[in-house]
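Trainee: I am new to this structure and would like to know what each term rests on. Please take me through it.

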Amino acid sequence: MNAPFTPEQLLARAETMERIAERWKGNPGYSDTVRMDAWALRTAAALFSPEIQDWFEGTRLEAGHQVMRFAAEHDAGKSAFDWFWLIGYLAQKAAASAAAGDFEKAKHHTISTAAALLNWHRHLAGDEHGMRPGIDPVARGIETEVGS
């Protein structure tokens with residue numbers, strides 16, 4: 001799932017919503033609803049903005065982004081080795097970026113690797129089954145086997 005708007009556009013819209021809410025403060029029900037919309041826009045902007053300075057916050061946000069982007073309907077999982085390969089792939093991207101001198105991208109990939117580990121941990125704990133990598137498209141019913 002890709003955001004239809006940039007994080008900057010989402011934040012600008014949230015600011016507009018806050019101004020609207022302020023004008024409607026005499027109607028608390030409407031004003032509160034508009035403020036909730038602004039909060040949702042800021043949350044969406046955070047989920048679609050890679051955080052690379054604060055590793056813990058970036059990991060939390062990236063884990064949420066991964067669940068939104070690679071939901072169970074899209075990529076429900078089979079085995080622990082699917083998680084292993086995903087984490088290895090993301091860690092390799094971090095190493096390659098660092099070796100190339102692109103430390104901003106390397107930091108992002110260390111966070112995306114950590115977020116995948118967090119999502120795997122949630123899956124193992126039974127807390128979250130929103131992101132599970134690696135199921136066969138035929139098994140999901142998205143594609144059919146050719147020749148059968």
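**From the whole chain to single residues**

Mentor: Among contacts in the chain between residues at least 6 apart in sequence, 70% join residues at least 24 apart. Contact here means heavy atoms within 4.5 Å. This is a predicted model, in which local features need pLDDT of at least 70 and side-chain atom pairs count only at pLDDT 80 or more, while totals for chains, interfaces and linings use all residues. Residues are numbered from 1 along each chain as its sequence is written, and side-chain values use heavy atoms, with hydrogens and water left out.

Trainee: What makes up the secondary structure of the chain?

Mentor: Seven helices and zero strands. Helices (H or I, at least four residues) and strands (E, at least two) are DSSP runs, numbered from the N terminus. Along the sequence the pattern reads α-α-α-α-α-α-α.

Trainee: Why is Ile111 called buried?

Mentor: Buried means under 20% relative accessible area, exposed over 50%, and partly exposed in between (1.4 Å probe, protein chains only). Ile111 has 2% relative accessibility, so Ile111 counts as buried. Its place is in helix H6, residues 103-125. Over the chain, buried residues make up 30% of the 148 residues.

Trainee: Why is Ser97 buried?

Mentor: The relative accessible area of Ser97 is 9%, and therefore Ser97 is buried. Ser97 lies in helix H5, residues 80-99. Not counting residues up to four places away in sequence, Ser97 touches Asp102, Lys105, Ala106 and His109.

Trainee: What makes Gln53 buried or exposed?

Mentor: Its relative accessible area is 59%, so Gln53 is exposed. Gln53 is found in the loop between H2 and H3. Leaving out residues up to four places away in sequence, Gln53 touches Glu104 and Lys107. Gln53 and Lys107 are 54 residues apart in sequence and 8.0 Å apart in space, C-alpha to C-alpha. The C-alpha atoms of Gln53 and Ile111, 58 residues apart along the chain, are separated by 9.8 Å.

Trainee: Why does Leu118 count as partly exposed?

Mentor: Leu118 has 26% relative accessibility, so Leu118 counts as partly exposed. Leu118 is in helix H6. Apart from neighbours within four places in sequence, Leu118 is in contact with Thr59 and Ala63.

Trainee: How do you know that the span of H3 agrees with what it should be?

Mentor: The expected span of a helix is 1.5 Å times one less than its number of residues. H3 has 15 residues and should span 21 Å; its end C-alpha atoms are 20 Å apart, which agrees. Helix H2 (residues 28-47) has 20 residues and reaches 28 Å from its first C-alpha to its last, close to the 28 Å expected.

Trainee: Which residues of H2 are buried, and what do they pack against?

Mentor: Ser31, Val34, Ala38, Leu41, Ala45 and Leu47 are buried. The buried residues of H2 pack against helix H1 (7-23) and helix H3 (55-69).

Trainee: Why are H1 and H2 called roughly antiparallel?

Mentor: Axes are lines fitted to C-alpha atoms, for helices over the stretch in contact, and angles run from 0 to 180 degrees between N-to-C directions. The axes of H1 and H2 come within 8 Å and cross at roughly 165°. Angles under 35 degrees count as roughly parallel, over 145 as roughly antiparallel, 65 to 115 as roughly perpendicular and the rest as oblique. H1 and H2 are therefore roughly antiparallel to each other.

Trainee: What is the hand of the crossing of H1 and H2?

Mentor: It is left-handed. A crossing is left-handed if the near helix is turned anticlockwise from the far one by less than a right angle, and right-handed if clockwise.

Trainee: Where do H3 and H6 stand on these terms?

Mentor: Their axes come within 8 Å and cross at roughly 65°. H3 passes H6 in a right-handed crossing.

Trainee: Which residues of H3 are buried, and what covers them?

Mentor: Gly58, Thr59, Leu61, Glu62, Ala63, His65, Gln66 and Val67 are buried. What covers them includes H2 and H6.
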